[in-house]
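Open the structure in your viewer and keep the selection tool at hand. The stops below say what to select next and what is there.

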Amino acid sequence: MQLLLLLVVLGTVSAGVQDLSGKMFTFPQLTDSAHVRLNPIKLDYNAVTVCHRSVTDIERDHAIFSLATPSQNNGFLTFWKNGNREIQPHIRGARVEYGGWDYTLNKWHSICTTWDSEKGLVQIWVDGIPSIRKFISSGAISGAVKIVLGQDQDTFGGGFDVNQSFAGMITDVHMWDYTLSSCEIQNYMSEMSLTPGNVLNWRALDFEIVGNVLIEDKPVCHPA
Ligand SMILES: *[C@@H]1O[C@H](CO)[C@@H](O)[C@H](O)[C@H]1NC(C)=O
C-alpha cells in the first residue's frame, strides 16, 4: 500500500515490456519532469542507428531522443536548434549541424541517425532525404546508458530543462547497434516492414513513464 502510494506520488508507472505497434507516446504538457525512460536490450555500441517519428508545435530548441552515459550527457542526442534551424546530432559529447530541412511544425517527421565509431561519421535522414556524411566522434559508446524521450538530459538520467522539453507525439522508436543501409532507412521512412531495433524495439519496448505521458493509438490517416 505504501509502495503504491509512493509510486503514485512520484507519478511513475512501471510499464515493463509492451508491443507498441500502432501506438504513440503523447506528451501533452511542457514540464521539466514528464518523460519516458527506455531500457536498452543491450549495451556497448560500436555503431548506432536511431529512428523515430515525431510531431510538435514547439518553436524553440528541443530534444527528440536523449541518450546519456555517466561521463557524457549528450552520449547520443537528436536536437532541434531553433535559432539556427538545424537538426543537431550530438554523439559522445561532440556535435554537428545540419541545416536546410523542412522541419515544419504540426507535421510528422521521420528522422534516422546513423554513426559508426570506426570512421566516426554521422549521417541523418529526414523524411526520406539523406544529409551529407560528417565527422563527429570516433570510439565506442561503452557501459551504462540512460535513454529518455520528452526531455533533454543535462545529467545522467536527469537535469531536465523545461525550455528544452518536448511536447507532441513520438512513435516508432527503434535503435540498432549497427548502421542500417540506406535501403533499410528508406523502408523505415515509408513505413514498410523492417528488421526491428536490436537495442530498442518499438514492438517489444521496455520502458517506464514518469509524469503526464500517455500511450494512445497512432492516427491511421495522417499526412505522409
Ligand atoms: C524558460 O524560458 C523562459 C522564456 O525565455 C524564461 O523566462 C525562463 O526563465 C526559462 N526557464 C528556465 C527554467 O530556464
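**Stop 1: a strand and its two partners**

Select Arg37, which stands opposite Val148 in strand 14. Strands here are DSSP runs of E with at least two residues, helices are runs of H or I with at least four, and both are numbered from the N terminus. Residues are numbered from 1 along each chain as its sequence is written. This is a predicted model, in which local features need pLDDT of at least 70 and side-chain atom pairs count only at pLDDT 80 or more, while totals for chains, interfaces and linings use all residues; side-chain values use heavy atoms, with hydrogens and water left out.

Now select strand 14 (residues 146–149) together with strand 3: they run antiparallel and are joined by 3 bridges. Two strands count as paired if DSSP finds at least two bridges between them.

**Stop 2: the annotated span**

Select residues 21–221, which UniProt lists as "domain: Pentraxin (PTX)" in an unreviewed entry. UniProt positions are given in the numbering used here, feature names are shortened, and annotations may be inferred rather than shown by experiment. The span is 4% helix and 41% strand, and its end C-alpha atoms lie 15 Å apart.

**Stop 3: the cores**

Which residues touch the most other members of the largest nonpolar core? Select Phe25, Phe65 and Met175; this core has 41 residues. A nonpolar core is a set of buried Ala, Val, Leu, Ile, Met, Phe, Trp, Tyr and Cys residues joined through side-chain atoms within 4.5 Å. Buried means under 20% relative accessible area, exposed over 50%, and partly exposed in between (1.4 Å probe, protein chains only).

Another core, of 9 residues, lies apart from the largest one and includes Cys112, Leu180, Ile185 and Met189. In soluble globular proteins, nonpolar side chains tend to be buried together.

**Stop 4: helix 2**

Select residues 182–189, which make up helix 2; its buried residues are Ile185, Tyr188 and Met189. Look down the helix axis: these buried residues fall within an arc of 100°, so they line one face of helix 2. The arc is that of the directions from the helix axis to the C-beta atoms. The buried residues of helix 2 pack against several strands, among them strand 4 (47–55) and strand 10 (109–116). Contact means heavy atoms within 4.5 Å.

**Stop 5: the cysteines**

Select Cys51 and Cys112, which form a disulfide with their sulfur atoms 2.1 Å apart. A disulfide is a pair of cysteine sulfur atoms within 2.5 Å. The pair links distant parts of the chain, with Cys51 in strand 4 and Cys112 in strand 10, 61 residues apart. Both Cys51 and Cys112 are buried. The torsion about their S-S bond is about 115°, so the disulfide is right-handed.

Cys183 is exposed, with a relative accessible area of 58%.

**Stop 6: two positive phi values**

Most residues other than glycine have a negative phi. Select Asp127, whose phi is positive, near 50°. Asp127 lies in the loop between strand 11 and strand 12 (129–130) and is partly exposed, at 33% relative accessible area. Last, select Asp172 in strand 15. Its phi is also positive, about 50°, but Asp172 counts as buried at 9% relative accessibility.
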